[in-house]
Amino acid sequence: MSDARWRPHVTVAAYILGEGEQAGRLLWVRERTSAGLRINNAAGHLEPGETPLEGVCREVLEETGRRFRPEALLGLYLGPMREGARYLRIAFVGSVGPRERAQLDDPIEETLWLTPAELRARQNELRSALVLAGLDDYEAGRRWPLDLIRTLPPSLPPAPIP
């Protein structure tokens, strides 16, 4: 077996529903990237020892200052190769509470409440094609139960490879 085994970068992302005056809108972040300012989901890398649900809740709090209430799994998305890496995105749908933290993660410039149509009108500003792929599924009503993702205790030995 080759040592060059493919290891995707695993990320988590949130499609956050607006409530009250933000009904019909989703919460996005505008962040600094090497390509300039880009619009993205509250999203980021899954950290060692973290479950996907823990990861998405942490990322949303860090990037929006709000606590995330996951309601459903939206989907799994394998992105195209970018800068020598491929990303496996686990996307969730949920809502947030009021803003609790004023300080957001360093690359985040601002949060934006946008309708799907408003976001699509700004396609040239999106961080990646994964944003629209998830939005398509969101608008199509795709939702999966959160317990579809099972995290086994880290103390279990790895399963033998057949």
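A search of the whole structure, which is a predicted model, turns up one aromatic pair. (Rings of Phe, Tyr and Trp, the last by its six-membered ring, pair if their centres lie within 6.5 Å; planes under 30 degrees apart are stacked, over 60 edge-to-face, and the rest tilted.) Tyr 15 sits in strand β1 (residues 9–17) and Trp 28 in strand β2 (residues 26–33), so the pair ties together parts 13 residues apart in sequence. Strands (E, at least two residues) and helices (H or I, at least four) are DSSP runs, numbered from the N terminus. Tyr 15 is buried, at 1% relative accessible area, and Trp 28 is buried at 1% too; buried means under 20%, exposed over 50% and partly exposed in between, with a 1.4 Å probe and protein chains only.

Ala 121 is another story: this residue is exposed, at 64%, in the loop between α2 (116–120) and α3 (129–139).

As for pockets, the largest is lined by 15 residues, with Asn 40, Gly 44, His 45, Arg 82 and Arg 127 nearest its centre. On a 1 Å grid over the protein atoms alone, a pocket is an open set of points where a 1.4 Å probe fits, with protein on both sides within 12 Å along at least five of seven lines; lining residues have an atom within 4 Å of a point. Strand β4 gives the largest share of this lining, three residues.

Residues are numbered from 1 along each chain as its sequence is written. Local features need pLDDT of at least 70, side-chain atom pairs count only at pLDDT 80 or more, and totals for chains, interfaces and linings use all residues, while side-chain values use heavy atoms, leaving out hydrogens and water.
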